[in-house]
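Student: I would like to go through a structure with you. Could we start with the overall picture and then turn to the details?

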Amino acid sequence: MIGVSARTSSGPNAATGEPSERARLSFDLDVDICVVGAGLAGLTVGLEAARLGASVAILEGRSIGWAASGRTLGVVMPGYDLSIKDLIARVGFEDARELWSLSKQGVEYVRSHAREELIANIAASDGVLEVSNVDVGDRLISQLQMLSEDFETEVEGWQVDRVRDHLKTDRYFHGVYFPKSFQIDGSLYVHGIAVMARRAGARIFEDTPVVSIDASGIRKRIVTPSARLRASHIVLAGNVHLGAPARRLSETLLPVWRHAAVTAPLGERLAEAIAFKGSVIDTDGIDQFRIVGGDRLMWASPETTWDAHPARFASAIARRIGTIFPRLGRVEIADVWSGAVGQTVHGMPQIGQLRKGLWVASGFGRLGLATTAMAGMLIARSILWGDERWRLFSPFELVWAGGITGRVTGQLIGMWGRASSAAAGALSRYRERARDQERLRVARLAEANRQAGVRPPRPRPQASRPNPERPRAERPRSPAAAGISEGEGASSP
């Protein structure tokens with residue numbers, strides 16, 4: 001459970017019991033493949049390439065998984081930051097199916113490696129529920145049909161009542177349940193993959209920043225502060241932290257810091273508010289949460305495009321939890337952390353060959369566990385087996401993210417998105433309350449009619465009125481009005 005055990009561990013020894021190795025590259029080295037970045041993508045490339053027989057060196061400027069890879073919330077599910085509808089519009093139906101299938105392979109890769117016998121205390125659990133902030137039952141049906149029939153993904157549609165049976169809040173409406181998706185301790189997973197890569201023969205060097213890269217020629221050159229390295233292939237897997245050696249590549253990513261927290265133990269009140277044991281993600285990408293450690297809540301929200309001390313967001317996260325689940329009352333935040341992910345302009349990861357022998361695996365956004373695993377497999381097999389499926393990502397070119405202006409714009413778009421989501425949610429809840437009140441009024445009226453034993457009143461016929469056009473003298477008068485007493489008849493002439 002990230003935020004508890006993983007936040008207090010100190011490296012791969014917490015995952016495997018093996019001593020932590022933190023060697024710096026201090027000698028010149030020749031290898032087949034040099035990977036820059038020891039996050040999830042870089043480590044998976046190294047692991048798969050070493051398994052296929054290549055000599056591999058992984059260079060990390062700080063420590064293994066120090067950035068987003070070690071601070072993931074651990075959700076493993078298929079898909080990308082780009083919606084299926086937009087994906088089809090961009091590349092066509094068949095290629096969209098292939099790309100979705102690759103993400104599913106990434107899910108299965110993580111599942112096969114995140115086992116207790118390989119990584120102790122990995123704390124895997126099944127089920128991811130994607131909930132809607134607005135009432136969109138019609139869209140839910142079409143989404144389920146597409147995922148199940150066209151993209152061969154096991155999903156279930158949850159109606160409002162079922163969602164609220166598991167999540168005691170009126171904030172959510174319909175849901176899509178992914179029973180084959182799951183969650184793990186992300187920090188333990190990244191260190192576990194590092195141990196597996198070492199066992200396969202890959203060499204990992206921490207505290208080894210890359211100063212410069214010369215990608216020309218058959219043998220590429222990499223310079224570090226204390227050594228030089230030559231390789232036939234270089235894989236850039238450093239995300240937004242590549243820095244000077246790949247400045248232009250880094251500038252194609254918008255850095256987004258997601259702030260997360262884990263609460264102090266909440267006891268029985270947590271079970272009374274949240275009965276779902278897997279991960280919950282809202283469709284607007286604002287909130288993501290799950291139960292960890294039995295009675296703690298791990299919550300991610302909000303996002304910013306500027307780095308800030310995580311402690312500043314503790315009160316905001318606590319307020320957000322109280323807004324969504326008011327029955328929890330006041331919650332105490334035990335720990336807060338953040339990690340920067342790289343988001344591309346088009347929402348798809350950057351996977352492929354930039355030039356001969358120079359590869360990129362970056363820009364994975366929020367769904368990084370499955371997509372980094374897929375990218376690692378794909379690039380290693382492309383280099384060593386000639387697998388050409390990386391070309392499926394070619395339509396998603398490297399697009400400049402806008403620099404400072406892009407970050408300001410991204411922050412404003414995020415704020416606008418959260419505000420519009422809150423407004424749409426409030427409108428849906430208002431309409432729901434109005435429908436409930438109307439149903440209650442009709443039910444009360446029906447019950448009153450039943451108890452009275454009468455039918456609803458029929459409209460009365462309108463009483464006839466004198467014809468205003470008839471002269472007043474011609475209107476018939478009563479005998480009394482005509483001066484004739486009872487029993488007296490009119491005399492004949």
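Predicted model: local features only at pLDDT ≥ 70, side-chain atom pairs only at ≥ 80, totals over all residues.

Student: How many helices and strands does the protein have?

Tutor: The protein has 13 helices and 17 strands.

Student: And what percentage of the residues is buried?

Tutor: Of the 493 residues in the protein, 51% are buried. The protein exposes about 24,500 Å², and carbon and sulfur atoms supply 51% of that area.

Student: Among contacts between residues at least 6 apart in sequence, what share joins residues at least 24 apart?

Tutor: That share is 75%.

Student: Let us turn to strand 14. Is it mostly covered or mostly uncovered?

Tutor: Strand 14 is mostly covered, with eight of its nine residues buried.

Student: In which sense does strand 14 pair with strand 11, and over how many bridges?

Tutor: The pairing of strand 11 and strand 14 is antiparallel and runs over five bridges. Within it, A260 stands opposite A300 of strand 14.

Student: What about strand 13 and strand 14?

Tutor: Strand 13, residues 288–292, also pairs with strand 14 in the antiparallel sense, over five bridges. There the bridge partner of Q288 is A300.

Student: What lies between strand 13 and strand 14?

Tutor: The two strands form a hairpin with three residues between them, and G293 in the turn has a positive phi of about 65 degrees.

Student: Back to strand 11. Where in the chain is T263?

Tutor: T263 lies in strand 11, which covers residues 254–263.

Student: Is T263 buried or exposed?

Tutor: T263 has a relative accessible area of 0%, so it is buried; the cut-off for that class is under 20%.

Student: Which residues is T263 in contact with, leaving aside its neighbours within four places in sequence?

Tutor: T263 is in contact with R296, L297, I321, E332, I333 and A334.

Student: Where is H309, and is it buried or exposed?

Tutor: H309 sits in the loop between strand 14 (296–304) and helix 11 (314–324). Its relative accessible area is 57%, so H309 is exposed.

Student: How far apart are H309 and V336 in sequence and in space?

Tutor: H309 and V336 are 27 residues apart in sequence, and their C-alpha atoms are 9.3 Å apart in space.

Student: New topic: cavities. How many cavities of 30 Å³ or more are there?

Tutor: The count comes to one cavity of 30 Å³ or more. The largest cavity has a volume of about 40 Å³.

Student: Which residues line the largest cavity?

Tutor: The lining consists of L102, Q105, M374, M377, L378, R381 and R389. Helix 5 (93–113) and helix 12 (368–385) are the elements that give two or more residues to this lining. The largest share, four residues, comes from helix 12. By class, the lining has four nonpolar, one polar and two charged residues.

Student: Now the other hairpins. How do strand 8 and strand 9 pair?

Tutor: Strand 8 (residues 212–214) and strand 9 (residues 220–223) pair in the antiparallel sense over three bridges, and the bridge partner of I213 in strand 9 is I222. These strands form a hairpin with five residues between them, and G217 in the turn has a positive phi of about 80 degrees.

Student: And strand 9 with strand 10?

Tutor: Strand 9 pairs with strand 10 (residues 228–236) in the antiparallel sense over four bridges. K220 stands opposite A231 in strand 10, and the two strands form a hairpin with four residues between them.

Student: Which residues have a positive phi although they are not glycines?

Tutor: Among them are A123, with a phi of about 55 degrees, and D207, with a phi of about 50 degrees. Most residues other than glycine have a negative phi.

Student: Where are A123 and D207 found?

Tutor: A123 lies in the loop between helix 5 and strand 4 (125–131), and D207 is in the loop between strand 7 (203–205) and strand 8.

Student: Why do A123 and D207 count as partly exposed?

Tutor: A123 counts as partly exposed because its relative accessible area is 37%. D207 counts as partly exposed because its relative accessible area is 25%.

Conventions
Residues numbered from 1 in each chain as written. Heavy atoms only, no water. Buried < 20%, exposed > 50% of the residue type's maximum accessible area, 1.4 Å probe, protein only. Contact = heavy atoms within 4.5 Å. 1 Å grid on protein atoms, 1.4 Å probe; cavity = no way out; pocket = protein on both sides within 12 Å on 5 of 7 lines; lining within 4 Å. Points joined across faces, edges and corners; volume = space filled by probe spheres on them. Nonpolar A, V, L, I, M, F, W, Y, C, P; charged D, E, K, R; others polar. Areas by Shrake-Rupley, 256 points an atom, 1.4 Å probe, with all protein chains shown as cover. Pairing = 2+ DSSP bridges.
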